[in-house]
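Here is a short tour of one protein model. Take a look at the sequence and the structure first, and then read on.

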Amino acid sequence: MFTEKEIQHSKGWILSIYSIKKTFDRWAENNLKDLWNDKYHPFYLHILLLIENEAKSNNDLAKACGVSKQAMSKIVLHLVELDMIQSIPSVNDRRSSELVLTAQGKLTLAETMLRFNKLISAYQAMNGDSTINASESTLNLAQLFISKNQI
């Protein structure tokens, strides 16, 4: 059984994580929508980051994002319509295809990173290097722990 203090601590973590995600989503919506012809969705950026350096199949993306292949196919279609990604024949198997960034996708991702880096730099200037390093480390460790300990 957990103590009331432990339960409140857990609630604090949940609220903080949810708040960070919602705050980032709002920031992205306000600061990135011009890059996406006002069709930005937080999930789209995730996909671009996943295929930035390595082509991925629709199945690979579905697994990485924890969604069905059908749901990923819809997302991929939207990204193709936005000219962010394209499908190319697989190098290993010509019967299948892989998804890669288009020139527009690369440009959008580069501009996104520039804008996000400005945000992080402002946070760093306000709070210092040690705070931002500790924050990033804590988030990475939490993600790693949760992904390895799916209960």
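## The largest pocket

In this predicted model, the largest pocket holds about 1,700 Å³ of space. A pocket here is an open set of points on a 1 Å grid over the protein atoms alone, where a 1.4 Å probe fits, with protein on both sides within 12 Å along at least five of seven lines. The volume is the space filled by probe spheres set on the points, which are joined across faces, edges and corners.

## What lines the pocket

The lining has 30 residues, and Ile20, Lys21, Phe24, Phe116 and Leu139 lie nearest the centre of the pocket. Lining residues have an atom within 4 Å of a point. By class, 20 are nonpolar, 7 polar and 3 charged (Ala, Val, Leu, Ile, Met, Phe, Trp, Tyr, Cys and Pro count as nonpolar, Asp, Glu, Lys and Arg as charged, and the others, Gly among them, as polar).

Helices α1 (4–32), α2, α5 (103–127) and α6 (129–148) each give at least two residues to this lining. Helix α1 supplies the most, with 9 residues. Helices are DSSP runs of H or I with at least four residues, numbered from the N terminus.

## Where α2 meets α3

Phe43, His46, Ile47, Leu50 and Ile51 in α2 touch Leu61, Ala64 and Cys65 in α3, where contact means heavy atoms within 4.5 Å. This contact has 7 nonpolar, 1 polar and no charged residues.

## Reading the model

Residues are numbered from 1 along each chain as its sequence is written, and side-chain values use heavy atoms, leaving out hydrogens and water. Local features need pLDDT of at least 70 and side-chain atom pairs count only at pLDDT 80 or more, while totals for chains, interfaces and linings use all residues.
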